[in-house]
Amino acid sequence: MESLVDGSPRTIRGVDSPVGALAFGCWRFTHDDVDHARSVLETALDAGMNMVDTADVYGLDWGGSGFGANEALLGRVLRRAPQLRDRIVLATKGGVAPPVPYDSSPAGLRAACEGSLRRLGVETVDLYQVHRPDLLAHPALVAETLLALRTEGKIRAIGVSNHTASQHVALESHLDEPLATSQPEFSLAELSPLRDGVLDHCMAGGTQPMAWSPLAGGRLATGDGAASTVVTTLDRLAEREGVSRADVAIAFVLAHPAHPIAVLGTQRPERLGAAPAALTVHLDRTDVYELIVASDGEPLP
């Protein structure tokens, strides 16, 4: 049977360059050494991860030095090696504003975006995403702010992260076109987007999904804290395919018909370099449903 895994480049509405099926996530990009950070970034780019996904709040945890730290580090790398900017589809997120915790008011979202631009040392980001929904911000005002930022040349494409399907629809109703991206958590440890309408809405409007934590924070790679049924099924398929358990878990995400991008958070060069093996995994419909059943822990109806 034909493999469902799609490793081909993706097209994001409003972004000129196609992007790889794997992206480099910067949540753990908390290195102090700029040369080391550059090496990690170049390894990801060489492995085909030309989308680099960060956020202004990255740096508050995972050993970071505070709000904005990871964007600032990426900015230092780009200042040291400006030629890398041409290889990158640069994405960042805003709207998480501790201790509020969320602020997508016109002033808050504009300040967040302009702060990101300063830290990154760029005039424009290719993709700007509302990181989490501000329950107190009317979507018409959020849309108005994002469209103004786009008109001013500060952002090219507009997306959301951690939004429900209905929140996605509400914001989209005030835009001039469907959202470019939607970034849910999606993995064999988190199947909600399969059933809560997020991926369905992406397919309805041509929005590109970006799956964060496709390895469930590494649990699906190590097996620690993962369901034993999932680990057993992953290991069987990995042995058959001659790849790692992590490769099969990533391939599962790439097998969905919405053609998600898997955003990988590892900072280990050897893992980044090996990640494209996931694109070679053959998973047919039987394999994918077996993995879903293993994750659910019970047969499908």
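# Pockets, strands and salt bridges

Analyst: Sorted by class, the residues lining the second largest pocket are 9 nonpolar, 2 polar and 2 charged. The model is a predicted one, where local features need pLDDT of at least 70 and side-chain atom pairs pLDDT 80 or more, while totals for chains, interfaces and linings use all residues. Residues are numbered from 1 along each chain as its sequence is written, and side-chain values use heavy atoms, without hydrogens or water.

User: What makes a residue count as nonpolar, polar or charged?

Analyst: Ala, Val, Leu, Ile, Met, Phe, Trp, Tyr, Cys and Pro are nonpolar, Asp, Glu, Lys and Arg are charged, and the others, Gly among them, are polar.

User: How do you know which residues belong to the lining of the second largest pocket, and which lie nearest its centre?

Analyst: The search runs on a 1 Å grid over the protein atoms alone; a pocket is an open set of points with protein on both sides within 12 Å along at least five of seven lines, and a cavity is a set where a 1.4 Å probe fits but cannot get out. A residue counts as lining if it has an atom within 4 Å of a point. By that rule 13 residues line the second largest pocket, with L4, A255, H256, P257 and V288 nearest its centre. Two or more of the lining residues come from each of α6 (192-195) and α12 (285-296), and α12 has the largest share, 4 residues. Helices (H or I, at least four residues) and strands (E, at least two) are DSSP runs numbered from the N terminus.

User: What are the volumes of the second largest pocket and the largest pocket?

Analyst: The second largest pocket has about 290 Å³, and the largest pocket about 940 Å³. Of the 41 residues lining the largest pocket, W27, R28, S213, G217 and G265 are the closest to its centre. Each such volume is the space filled by probe spheres set on the grid points, which are joined across faces, edges and corners. At least two lining residues of the largest pocket come from each of α8 (219-222), α10 (245-254), β8 and α11 (269-274). By class, the lining of the largest pocket has 18 nonpolar, 12 polar and 11 charged residues.

User: How many cavities does the search find, and which residues line the largest?

Analyst: The whole structure has 1 cavity of 30 Å³ or more. About 70 Å³ of space lies in the largest cavity, whose lining includes R13, L147, R150, D176 and E177. The most lining residues, 3, come from β5; both α4 (139-151) and β5 (155-161) supply at least two. The lining of this cavity has 7 nonpolar and 5 charged residues, and no polar ones.

User: Why is strand β7 called largely enclosed?

Analyst: Buried means under 20% relative accessible area, exposed over 50%, and partly exposed in between, with a 1.4 Å probe and protein chains only. In β7 (residues 208-212), 4 of the 5 residues are buried, so the strand is largely enclosed by the rest of the structure.

User: What makes β7 a partner of β6 and of β8?

Analyst: Two strands pair if DSSP finds at least two bridges between them. There are 2 bridges between β6 (residues 181-183) and β7, so these strands pair; they run parallel. Between β7 and β8 (residues 261-264) there are 3 bridges, so these strands pair as well; they too run parallel. S182 has P209 in β7 as its bridge partner, and W212 stands opposite V263 in β8.

User: Why is the contact of R38 with E42 called a salt bridge?

Analyst: A salt bridge is a side-chain nitrogen of Lys or Arg within 4 Å of a carboxyl oxygen of Asp or Glu. The closest N and O atoms of R38 and E42 are 3.2 Å apart, so the pair qualifies. R38 and E42 both lie in helix α1 (residues 34-46), 4 residues apart, about one turn of the helix. R38 has a relative accessible area of 24%, so it counts as partly exposed; E42, with 23%, is also partly exposed.

User: Which residues are linked in a network of salt bridges?

Analyst: R110, E114, E152 and K154 are linked in this way. The R110 and E114 side chains meet at 3.0 Å, N to O, and those of E152 and K154 at 3.3 Å. R110 and E114 both lie in helix α3 (residues 106-120), 4 residues apart. At 24% relative accessibility, R110 is partly exposed, and E114 is partly exposed at 24%. E152 is partly exposed at 41%. The count for the structure comes to 20 salt bridges.
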